[in-house]
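Me: I've got a new structure to go through. Can we look at it together?

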Amino acid sequence: SVFKLESFEDNYEAGDDIGSGHFAVVRRCTHRKTGQAFAAKFIRKRRGGGRKGAKMEEIVKEINILRCIDHPNVISLHEVYDTKMEVILVLELVSGGELFEYISEKEALSEEEASSFIKQILEGVKHLHDNKIVHLDLKPENIMLLNHNSTNIKLIDFGLARRLTDQEDMRAMMGTAEFIAPEVVSYEPLSLATDMWSIGVITYILLSGSSPFLGDSQQETYHNITALNYEFDHDLFHNTSELAQDFIDKLFIRNPRKRSTVHDCLNHPWIKPVEDKEAIARRSAMINID
Ligand SMILES: Nc1cc2c(nn1)-c1ccccc1CC2
């Protein structure tokens, strides 16, 4: 990958912090020549045998993933600068804050608003999944609003994202199929379905303001997840439609092969409103005119 050799400071003026990630800080920045605003993600490089900082191969993996996606609901990568101590990703600026903050201010959202957010997240995830990329870290903190007065969202932070082709290579390395023990065959590699579970959790939180599996400790949370220990608490969900609950139930399925795919979700009636009667009438009226 070709990184810019001239210094980042030659071309950009860095401004305020707007977020942080794995070994990274993100600052608003302005391109000196054009005045255009971007987000600069400064990722510390791991030096020597130290623990701090990201490994170069991880940084390159995030860059290569960002380079092969281009979608209105996914952050885009503009330039990369490589310096001794850090790699700087110049990313599209989204300045509306995290969806997480937006929800906390509003407690819970209306079903229309929640469904509209989830539809955008699904559109972005569909683009990733169609390119065999699994995000692996979908959560409200990694979903940003384009700006304060819009409800357009973008997925950010591909620090944990993977291309599934690597996974297939792994399975190829598993040896000759006929001699492989059942527990090795059934090991569930990270799959696209991993993101779909997360979308179920995000949907539950958007509709209720509460987290479905959260326990008092990480261990309790893991237990709740593996036991599928969740319910639609009446106090939180009495205003929520059966359709919304059905959408979530189809994502909280233990077997990844049985879980809704991103295509199933985009075709679910909670997301894809069934065309109402007058729309059908209008359409047929148009046909009669032609
Ligand atoms: N870990 C993070 C965290 C963030 C971002 N990227 N990675 C980001 C990307 C583009 C615009 C704004 C941000 C701020 C938060």
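Me: Which side chain does Gln120 join in a polar contact, and at what distance?
Reply: This is a predicted model, to begin with. In it, the side chains of Gln120 and Asn73 are joined by a polar contact of 3.3 Å.

Me: Where does Gln120 lie?
Reply: Gln120 is in helix α4.

Me: Buried or exposed?
Reply: Gln120 has 13% relative accessibility. Buried means under 20%, so Gln120 counts as buried.

Me: What does Gln120 touch, leaving out residues up to four places away in sequence?
Reply: Asn73, Thr151, Asn152 and Ile153.

Me: Back to α4. At what angle do α3 and α4 pack?
Reply: About 170°, with their axes 13 Å apart. Helix α3 covers residues 99–106 and helix α4 covers residues 111–130.

Me: Are they roughly parallel or antiparallel?
Reply: Roughly antiparallel, because angles over 145 degrees count that way.

Me: Which residues make the contact?
Reply: From α3, Leu99, Tyr102 and Lys106. From α4, Glu113, Phe117 and Ile121.

Me: How many of those are nonpolar, polar or charged?
Reply: The contact of α3 with α4 has 4 nonpolar residues, 2 charged and no polar ones.

Me: New topic, the ligand. Which residues come nearest?
Reply: There are 14 residues around the ligand. Ser20, Gly21, Lys41, Val94 and Asp157 come nearest.

Me: How far is a polar side-chain atom of Asp157 from a nitrogen atom of the ligand?
Reply: 2.9 Å.

Me: What about Lys41?
Reply: A polar side-chain atom of Lys41 lies 3.2 Å from a ligand nitrogen atom.

Me: And which kind of atom does Ser20 use, backbone or side-chain?
Reply: For Ser20, a backbone N or O atom lies 3.3 Å from a nitrogen atom of the ligand.

Methods: Residues are numbered from 1 along each chain as its sequence is written. This is a predicted model: local features need pLDDT of at least 70, side-chain atom pairs count only at pLDDT 80 or more; totals for chains, interfaces and linings use all residues. Side-chain values use heavy atoms; hydrogens and water are left out. Axes are lines fitted to C-alpha atoms, for helices over the stretch in contact, and angles run from 0 to 180 degrees between N-to-C directions. Helices (H or I, at least four residues) and strands (E, at least two) are DSSP runs, numbered from the N terminus. Angles under 35 degrees count as roughly parallel, over 145 as roughly antiparallel, 65 to 115 as roughly perpendicular and the rest as oblique. Contact means heavy atoms within 4.5 Å. Ala, Val, Leu, Ile, Met, Phe, Trp, Tyr, Cys and Pro count as nonpolar, Asp, Glu, Lys and Arg as charged, and the others, Gly among them, as polar. Buried means under 20% relative accessible area, exposed over 50%, partly exposed in between (1.4 Å probe, protein chains only). A polar contact is a pair of N or O atoms within 3.5 Å; within protein, one must be able to donate a hydrogen and the other to accept it, and residues adjacent in sequence count only if both atoms are side-chain atoms. A residue is near a molecule or strand if one of its heavy atoms lies within 4 Å of it.
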